[in-house]
Every structure is written in structure tokens, then in C-alpha cells.
Amino acid sequence: MKFGLINFLENPAGKSERQVVEEQKYLCAAAEEYGFDSVWPVEHHFSEYGHCVSAPVMLAALASATRLVRLASGVVALPFHNPIRIAEEFALVDLLSDGRLDFGVGRGFQPEEFRGYGIDQTKSREIFTEALEIILQAWTLDRVNFVGSHFRFENVAVRPKPVQKPHPPIWMAAVSPESFIYAGRRGFNLVCSPILGDPTALAKNLAGYRAVIDAARRLGKPVIVDSSKHYAKAVSLYRADPQQTRIILLVRDGRGVFYSGLKRNAGRRYSLIFWYRHYVRALQLINRHVPNNHVLQVRYEDFVQQPQQ
């Protein structure tokens, strides 16, 4: 079992903001001396509930004051931020701390924070999903290419890259059942609390998360690669062991997918490919080297909505 210190930088009354920040910075740094494994400054806005308006700034300060403790964001509310900027800043934290970053993310839940930033809270889930995909691209691909409902980036070279490969551990905050299942399907670590909601519902949500993440981990995690190299990598993996390898081509509206990697499941290996564009051309290229019955075409929506067995 590991122990972490979560820190809101709250100010119930009677202290200046400078006192709050200095005191909480000291406590987070002291956590290493007292044997804690991680510290988690929590992002909040517009109230005395928390003065940590920027987790990367706080973690950068702690990076120079500590040597061993893991530095975690607890959590970054992605709908409030530009995802490219978040990717840049947290990659820098990982560099400053020599690879000690744990990247905690969430949708945010306080209506006054959404109002303060002028963001429609009903769109928080889709904004969060798009932002996280962009951050993962920024950390693992040479260039970001993304077209969504809320963000659009074309050929953006994001620097720096984090120390940890393929990226720092992802921790996702979850309250609703849908968030627990999404975190499990993506293979993310989980941030949750027994004080938010009914304990019985939490137990049910945790059971659902464990079942889904177990299935996801049996299949394995994708390795993100340059989309221009997808087909060549898939063919190379297939040729290494054609009897035990199958290729899964995930299709979303004829474009828009971005993972490729070797999969193992029940002794069989899979090369999982998500294409950004021109999947028909990709299929033609693959079929020059791979029998058609060894290429499985799966809709992206079907893949992410069901646990993989």
C-alpha cells in the first residue's frame, strides 16, 4: 500500500493568501521526509475552497524542494484549459522532477467554476475527452493533428516531451458511473472519494471499473506511433509471426484514429491500428502483404463501448 497527501491549499479564515501558499508548500515538501509516496495539489478556482489555481506551477516549485516523492496533479480540470498548453507545462514538470509526474485529470464539478470561465458545464465530458486525446498525442507523436467539436489542431509540433515513456501515468477522477467505465476502458488509474455520493453506488462503480480495466489490460495498451508509419509497422509485426498475429483496423467515419501497437490475447498477438485518414488506402496496402481474413475491421465506437475479451 502507498500513501499520498492531497492538498487543497484551502483558506477557511484568518490567514493571508501568502501564508496559505507558503504553509501548504512546506507541508507538501515535508511529506517526503515523513515517508509519503506522493503529493497531490488540487486545482480549484474562485473560492477559499482552494488556492491552487495552477497545478503545474505548484508542482514545479515542489520539484526543486523534493527528490523522491511523486508529484501528482489532483486533478487538472481539463475543460478550463487549452490542452496543448497543459501538455507543454506538465511535460516541463516531468523534466524538472526527473520523471516524477503523475498526471491527474478530471472534468470539474463546481458550477461556479464553469460560470467563472464562461464554459458550458453540460459539454464538460466531450471537452474533457477531446482535450485528453490531444494531450496524449502531444506527448507521444511528433505532431498533433486533431479535429473535434471543441478543438482543432493541424500539424502542431509540441515541445518539450516528458521524461516518462510513452507518457506519465494517467489518473482520472470519476464520480459518475460513465466516468468509472471510461477510465477502465482506457486503462487509466482511478481517482475517487467515498465522501462523494452513496457508498453503495461507489462500490458498484468500483466493481465495474475493475472488470473493465482487467479486460483492457489483458488485451494490452496501444503504443502511439506516427500515422504515416502505421501500415509498415503492422506488416512488420505480421511477418514476424503470421500464424499468431492478426491486424485490427479501427475505423471512425473513415478517419480519426491514432494508435498502433502489438496486442496479445489468449496467446494470439494483435496489431491494433487507429488511422487518422485514408483507411481505405491503408487497407489496400496491408492486403498486399496480409491475407484479407487476417485483417479485422472494427468500428471505433464499437471498440471503445465494449470491454475487449
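Of the contacts in the protein with a separation of 6 or more, 66% join residues 24 or more positions apart; a contact here is a pair of heavy atoms within 4.5 Å. The model is a predicted one, with local features needing pLDDT of at least 70, side-chain atom pairs counted only at pLDDT 80 or more, and totals for chains, interfaces and linings using all residues. Residues are numbered from 1 along each chain as its sequence is written, and side-chain values use heavy atoms, with hydrogens and water left out.

The secondary structure comes to 10 helices and 13 strands, taken as DSSP runs (H or I of at least four residues for helices, E of at least two for strands) and numbered from the N terminus. Buried residues make up 47% of the 309 residues; buried is under 20% relative accessible area, exposed is over 50%, and partly exposed is in between (1.4 Å probe, protein chains only).

On the inside, the largest nonpolar core has 53 residues, such a core being a set of buried Ala, Val, Leu, Ile, Met, Phe, Trp, Tyr and Cys residues joined through side-chain atoms within 4.5 Å. Helix H5 (residues 124–140) supplies the largest share of this core, 9 residues. Leu78, Phe90, Phe103, Leu132 and Trp139 have the most contacts inside the core. Beyond its neighbours within four places in sequence, Leu78 touches, among others, Ile86, Phe103, Phe128, Leu132 and Ile135.

Helix H2 (residues 55–65) buries Ala55, Pro56, Met58, Leu59, Leu62 and Ala63. Seen down the H2 axis, these residues fall within an arc of 155°, so they line one face of the helix; the arc is taken over the directions from the helix axis to the C-beta atoms. Val57 and Ser64 are exposed on the face turned away from the buried side. The buried residues of H2 pack against several elements, including helix H1 (17–33), strand E2 (38–41) and helix H3 (83–96).

With H3, the packing angle is about 10° and the axes are 9 Å apart, where axes are lines fitted to C-alpha atoms, for helices over the stretch in contact, and angles run from 0 to 180 degrees between N-to-C directions. That makes H2 roughly parallel to H3, the label for angles under 35 degrees. Ala55, Pro56, Leu59, Ala60 and Ala63 of H2 meet Glu89, Phe90, Val93 and Leu96 of H3.

As for cysteines, the count is 0 disulfides, a disulfide being a pair of cysteine sulfur atoms within 2.5 Å. For Cys52, the nearest cysteine sulfur, that of Cys28, is 8.4 Å away. Cys52 counts as buried at 3% relative accessibility, whereas Cys192 is partly exposed at 33%.

Technical notes: Parallel < 35°, antiparallel > 145°, perpendicular 65-115°, else oblique.
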